[in-house]
Amino acid sequence: MARAFFISRECPYLNRKTTRGMCYSAAFGACRAYAQARDGNAFSFMAHTHVPQKYDVVIIGSGAGGGMAAYILTRAGARCLMLEAGDWFDTARDSKMMMWPWQAPHRGAATPAKPFGYFDGCVGGWQVPGEPYTVATGEQFMWWRGRMLGGRTNHWGRIALRWGPYDFKPYSRDGLGFDWPFPYEEMAPYYSKTEKLIGVFGSHENMENAPDGEFLPPPKPRAHELLIQRAARKLTLPCIPSRLSILTQSIHGRPACGYCGQCGRGCATSSNFSSPTVLLPPALATGRLEIRTGAMAREILTGPDGNATGVSYIDKKTRKEVTVRARVVVVAASACESARLLLNSQSSRHPDGLANSSGIVGKYLMDTVGSDVGGYVPDLSGLPPFNEDGVGGMHVYLPWGNYDKQLRHELDFPRGYHIEPGGGRGMPGPHSFGGMHDGYGVRLKQEARRGFGAGVGFSGRGEMIPNENCYCEIDRSVVDEWGIPVLKFHWKWSDYEINMARHMQQTFEELIVTMGGKVTYKSPGPHWGISRGGEIIHEVGTVRCGNDRRTSPLNSWCQSWECKNLFVTDGAPLVSNADKNPTLTILALAWRTSENIARMMRRKEV
Amino acid sequence: METKTKRPSTPSPSAKPRNTRIARRDLLKTMGLAPAALLPLSALTASAASVASPTPASSPAPRLKVLNPHEFATVTVLSDWILPADERSSSASQAGVPAFIDDWLDFQGGREGFLSDELRGGLTWLDLESNRLHGHDFIACSRLQQQSLLDRIAWPDRADPAESHAVAFFSRLRDLVLGGFYSSPEGVKDLPYLGNKMIPVWTGGAPPEVLQKLGVTNEEAEYQKWFRRRQAEGHWVQQWYYQGK
């Protein structure tokens with residue numbers, strides 16, 4: 001099948017089939033608006049004009065939360081301005097798909113500027129030049145910033161797992177953490193709408209706390225994934241088709257996946273979900289979205305009534321402050337950056353920072369519990385060659401299935417984790433053969449050849465219980481290059497998470513042994529190789545929503561209690577951090593919040 | 001934000017055969033810097049096959065970043081001990097692995113880096129030991145002498161614990177040689193890795209005979225049958241409020 005979209009780089013939308021969803025003219029409009037906005041033709045003069053313009057909504061951030069807010073609100077008729085601290089990014093132009101290792105510096109290896117390697121579709125990392133942060137003495141935290149249009153939706157693992165009924169009422173179940181202000185049933189329709197919009201493959205399994213969704217057909221498992229299923233059967237572990245936002249069928253004019261396995265590089269054909277390929281083009285096509293890149297939000301401005309009047313940001317090119325006015329402010333800068341912005345927005349009306357009369361902003365920061373084990377499975381060695389790149393990620397995964405053991409108090413930690421297996425004959429890189437072999441000579445060469453594709457790895461991704469020791473606050477002794485005081489992080493895993501990491505490593509070792517393999521790698525460090533705070537890049541929960549203004553900065557609509565026209569749509573409102581990767585929940589929650597904003601604007605309530 | 005592309009060498013314009021290599025390298029450079037998507041798909045997939053192995057072992061050494069010429073020569077000899085040429089592919093040095101290692105040491109901290117210390121320290125140990133036993137540097141020893149020395153440090157399980165630092169050095173070098181070789185065009189052809197292309201239909205990757213050999217031809221269906229049975233038996237059916245709160 002010829003793939004014409006590789007020929008026209010200017011406009012991925014022109015070559016798309018427009019059978020369903022987007023009509024041709026809308027697709028063309030999206031394309032034109034997108035290209036113009038990218039190249040700064042249509043909108044840049046607006047950015048530099050001196051006519052004071054009041055927007056209906058200013059959205060800070062262009063990732064999952066900001067992109068979804070723009071998508072919903074522009075379609076509801078609101079004129080929106082989106083501020084993005086990074087530069088423009090267009091996967092059709094900027095993706096490094098189809099490159100070979102030797103075409104990249106250091107064979108594409110990780111560098112401080114590109115922690116996931118040269119090919120990674122994310123601009124940014126745990127260290128951003130000119131934008132430092134501090135960490136409390138003796139503690140560890142790593143803060144990832146995606147400084148680009150679309151933020152970290154450009155390189156995420158596309159793992160799109162619905163949270164289940166238990167995940168919204170964790171305190172009710174085990175007395176730990178906090179309940180959400182609404183149950184799963186409230187979120188379910190938004191999950192469905194989100195899945196239909198972005199495209200998620202998966203299978204219907206009827207598991208109690210891993211709800212089924214609106215799925216495209218899943219891709220068949222790879223050879224090593226079938227071995228993992230067999231081992232899981234022996235160990236009585238659930239192992240089902242994974243649920244990733246990658247198109248196994250064309251939808252909404254986006255072509256189906258080409259199975260090159262390079263989702264993380266940013267998909268040049270828009271066959272997986274990222275905000276700039278899925279949410280922003282239709283928003284731009286309405287003609288009601290203006291995007292300003294290189295805009296580092298500094299403060300949310302408020303009026304005498306305490307409500308927001310607009311945003312002050314630093315234009316990174318000119319280093320000048322720019323003020324924009326709006327009826328509604330949507331904060332979606334990522335959990336920690338949003339908390340920082342609110343805390344830095346002090347005024348006489350809001351002496352502790354905006355939306356922070358509860359003193360909770362920045363508190364109860366969560367990440368995901370991670371631990372990894374790798375191994376070598378001789379059965380998979382010496383196979384005849386074949387291409388099994390597949391989609392960019394696992395085709396099967398192991399959801400948490402030990403609730404019955406927890407019910408019998410057989411585990412020394414609450415909640416659960418899911419397992420993400422890896423392996424197969426993927427593109428070799430400079431690290432592909434590390435630590436697997438001994439000796440030298442022709443025999444080594446034969447062994448390496450035989451062993452290609454025989455490595456497997458298991459990564460656990462578990463639920464952390466929010467605790468008092470994990471939070472961020474403003475560190476006034478340090479500013480970034482824009483003069484904005486930075487965040488200081490505090491982090492301490494509790495025994496719950498450490499015990500969970502031990503259980504992970506033991507389980508992964510059992511899986512590898514059951515597959516007939518031997519363990520070759522365990523994530524290093526004390527406490528069973530538990531990840532450092534922020535390392536899994538699932539920070540959520542700094543501006544949580546709730547039913548009580550004394551214990552939550554936001555109400556159940558993710559609206560500030562004390563600043564009525566301020567809403568948060570990123571990971572910050574999340575009350576818990578289930579073992580399921582948060583992006584799908586951020587998208588669905590942002591949809592719900594944005595729909596409510598549109599409703600309130602229509603009723604003139606904001 | 002992007003990592004800067006460092007050029008491993010500035011080839012001299014005098015040597016004739018190098019000129020063709022320059023052209024190839026420039027092509028590679030262009031391809032490396034331009035967004036891959038700008039190039040037609042055929043050019044990208046063809047490049048693996050058409051790019052010949054750079055830097056034969058005999059060519060003049062590239063401008064070095066971390067290693068000195070003697071160290072580079074020793075790494076070249078060691079690379080070919082680790083991955084010699086065979087009927088399927090060239091040797092590691094023919095695939096440009098020594099230059100890859102020099103560049104790797106450079107970007108992993110340079111001369112002051114921990115990795116450089118480990119690797120250059122290991123090279124020094126090799127020469128010390130060769131001089132003590134045979135009165136020559138390692139590269140001047142006979143192949144038999146070289147081999148007997150490598151045999152002492154190439155198998156961590158049977159090495160003398162007193163030489164564990166030398167074993168660690170050799171293991172590190174082996175990983176670098178393997179990584180450098182198999183991320184080169186030669187290595188990709190050697191494995192062979194058959195991906196990095198767009199395919200219209202996904203059928204599972206492994207052909208039926210592979211699944212048969214692994215005994216997992218029906219695993220998907222069998223797993224599902226077993227999974228449904230367990231669900232029907234009430235496993236993985238969870239309790240809502242297990243502490244009655």
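**Helix geometry and the A–B interface**

Helix α3 of chain A, spanning residues 64–75, comprises 12 residues and extends 17 Å from its first C-alpha to its last, close to the 16 Å expected at 1.5 Å a residue. The model described here is predicted. α3(A) is mostly covered, with 11 of its 12 residues buried. The buried set consists of A:Ala64, A:Gly65, A:Gly66, A:Gly67, A:Met68, A:Ala69, A:Ala70, A:Tyr71, A:Ile72, A:Leu73 and A:Thr74. After α3(A) comes A:Gly77, which has a positive phi, near 105 degrees.

A helix–helix packing was also examined in chain A. Helix α7 (residues 184–198) packs with helix α15 (residues 583–602) at an angle of about 110 degrees, the two axes lying 8 Å apart. Because angles of 65 to 115 degrees count as roughly perpendicular, α7(A) is assigned to that class relative to α15(A). On the α7(A) side, the contact involves A:Glu186, A:Met187, A:Tyr190, A:Tyr191, A:Lys193, A:Thr194, A:Glu195, A:Leu197 and A:Ile198. α15(A) contributes A:Leu584, A:Thr585, A:Leu587, A:Ala588, A:Leu589, A:Trp591, A:Arg592 and A:Glu595. By residue class, the contact of α7(A) with α15(A) contains 10 nonpolar, 2 polar and 5 charged residues.

Between the chains, 105 residues of chain A are in contact with 89 residues of chain B. The area buried between chain A and chain B amounts to about 9,100 Å², and carbon and sulfur atoms give 62% of it. Of the area that chain A buries against chain B, 10% is supplied by A:Trp102, A:Tyr440 and A:Lys445, more than by any other three residues.

Methods:
Residues are numbered from 1 along each chain as its sequence is written. Chains are lettered from A and ligands numbered from 1 in the order in which they are written. This is a predicted model: local features need pLDDT of at least 70, side-chain atom pairs count only at pLDDT 80 or more; totals for chains, interfaces and linings use all residues. Side-chain values use heavy atoms; hydrogens and water are left out. Axes are lines fitted to C-alpha atoms, for helices over the stretch in contact, and angles run from 0 to 180 degrees between N-to-C directions. Helices (H or I, at least four residues) and strands (E, at least two) are DSSP runs, numbered from the N terminus. Angles under 35 degrees count as roughly parallel, over 145 as roughly antiparallel, 65 to 115 as roughly perpendicular and the rest as oblique. Contact means heavy atoms within 4.5 Å. Ala, Val, Leu, Ile, Met, Phe, Trp, Tyr, Cys and Pro count as nonpolar, Asp, Glu, Lys and Arg as charged, and the others, Gly among them, as polar. The expected span of a helix is 1.5 Å times one less than its number of residues. Buried means under 20% relative accessible area, exposed over 50%, partly exposed in between (1.4 Å probe, protein chains only). Buried area is the accessible area (1.4 Å probe) that two parts lose on being put together, summed over both.
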